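Subject: Structure for your files

Hello,

Here is the structure I said I would pass on. My notes on the ligand, the pocket and a few local features follow it.

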Amino acid sequence: MKPLLSATAARAARYLDGLEGRGVAPTPGAVAALSRLDEPLPDHPAEPEAVLALLDELGSPATMASAGGRFFGFVVGGSLPAAVAANWLATAWDQNAGIVVLSPIAAKLEEVAMRWVLDLFGLPPGCGAGFVTCATQANFSGLAAARHALCAGRGWDVETQGLFGAPPIKVVVGEEVHVSVLKALTLLGLGRERVVRVPVDGQGRMRADALPPLDDHSIVCIQAGNVNTGAFDPAAEIVQRAKAAGAWVHVDGAFGLWAAASPAHAHLVRGLAGADSWATDAHKWLNVPYDSGIAFVRDPAHLQAAMAVNAPYLVIGEAREPEHFTPDFSRRARGVEVWAALRSLGRQGLADLIARTCRHATRFAAGLRDAGYAILNDVVINQVLVSFGDAEVTRRVVQSIQADGTCWAGSTVWQGRTAMRISVSSWATTDDDVERSLAAIKRVAASGR
Ligand SMILES: Cc1ncc(COP(=O)(O)O)c(C=O)c1O
């Protein structure tokens, strides 16, 4: 395999080197060329080199250059060098991370990475954790643990009996809840329309004074980092109210929880450690390759009860079995890249990454405000919402910047106003990337395209 892997490494390096000089979005021609993939399944084998050449020729130009420094859409990180390289090595290992006997190294790295992330987030060291695909699955896992705990508290075994006849659970969310939480509730049979929605303020923060009555059969879902504004729900107040009532608190902190790593931003996560479960992503602000999310649950027994199954053919030992904490059974060793990213950054490097991307966001906001455009949010972390005029004008600017290719930003509607969303989440973004992108956005907006 050596020549193939060396040649592939050269292709990958060429791809990454080329990001600087290409447009961020793929060209229409590159996307159109994908139709060449619509061929019948070949009858005969092909040389792996030829397969890779085809993949590179057609695939690389048809990527979104989100691995580079000028992609500001959604909340999408790049991949740190150590994380990309660790991912390659782990792919060569081809480990099934589901059970310890299948991969002692995968299990070990998960345990180490889990300890480090708990420490960074200021969460209790005894939490259980599941390494899942994404924040949506992490929300699902945390809420599955909540469902277990609340039902068990009323003598109902939801894992064996399901929800038919179960004591009803009240789920409370903010008006600005992320759709992934609603998706998780859907999958859990808790119903996405059954939720009680709490009004929010102008930044999208749940109003603690508007919480409904809670009891020990309630789940309160709070948010650390609104996908549009980056705002944090007032955790300390909400957690106090919820805990006094015996309710479960779940935190969707897909990217916001990483603010804890930067001393200048750590105040934003104050109070979140009092919750019962937390969901986060590593593929966003930590900058590891897709896919990588983590669910944490204060009492590991609740997560384990929701997830664990056993069978006689499985070799289950005394150690922490990864599959006891995730919806998946067989899966890739996601802890490898989380470990590699954190091992390469260290506490200081991660703090710099978080602070630097927040500083870039602040620079975008200042530059656009100075140019006369309205910034619609308080830029507390890495998210900026900017309006260039009415909805039509703003939409045109977004389309134009995407077509221009200097950078890529998406759009949203924030409390009735159409806005461009700028999310600075990549380790790769430099001051120069920000200045080039800012200049391009201002040029495009001024030309009225
Ligand atoms: C607050 C929040 N929660 C959940 C998600 C879902 O993350 P994922 O796409 O990794 O499932 C996102 C994505 O941006 C988010 O911003």
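A polar contact here is a pair of N or O atoms within 3.5 Å; within protein, one must be able to donate a hydrogen and the other to accept it, and residues adjacent in sequence count only if both atoms are side-chain atoms. The model is predicted, with local features needing pLDDT of at least 70 and side-chain atom pairs counting only at pLDDT 80 or more, while totals for chains, interfaces and linings use all residues. Residues are numbered from 1 along each chain as its sequence is written, and side-chain values use heavy atoms, with hydrogens and water left out.

Ligand. There are 13 residues around the ligand, and Thr136, Asp252, Asp281, His283 and Lys284 come nearest (near: a heavy atom within 4 Å). An N or O atom in the side chain of Lys284 is 2.9 Å from an oxygen atom of the ligand. For His283, a polar side-chain atom lies 2.9 Å from a ligand oxygen, and for Asp281 the distance is 2.6 Å. Of the 390 Å² of accessible area that the ligand has on its own, the protein covers 86% (Shrake-Rupley method, 1.4 Å probe; for residues, only the protein chains shown count as cover). The shell consists of 5 nonpolar, 5 polar and 3 charged residues (nonpolar: Ala, Val, Leu, Ile, Met, Phe, Trp, Tyr, Cys and Pro; charged: Asp, Glu, Lys and Arg; polar: the others, Gly among them).

Pocket. A pocket is an open set of points on a 1 Å grid over the protein atoms alone, where a 1.4 Å probe fits, with protein on both sides within 12 Å along at least five of seven lines; lining residues have an atom within 4 Å of a point. The largest pocket has a volume of about 1,100 Å³ (the space filled by probe spheres set on the points, which are joined across faces, edges and corners). It is lined by 37 residues, of which Ala12, Leu16, Ser79, Val84 and Trp88 are the closest to its centre. Helix 1 (2–18) and helix 4 (81–93) each supply at least two lining residues (helices are DSSP runs of H or I, at least four residues; strands are runs of E, at least two; both are numbered from the N terminus). By class, the lining has 24 nonpolar, 10 polar and 3 charged residues.

Backbone. Tyr290 and Asp291 are joined by a cis peptide bond, with omega about -10 degrees. Asp291 lies in the loop between strand 6 (277–281) and strand 7 (293–297). Phe74, in the loop between helix 3 and helix 4, is not a glycine but has a positive phi of about 45 degrees.

Regards
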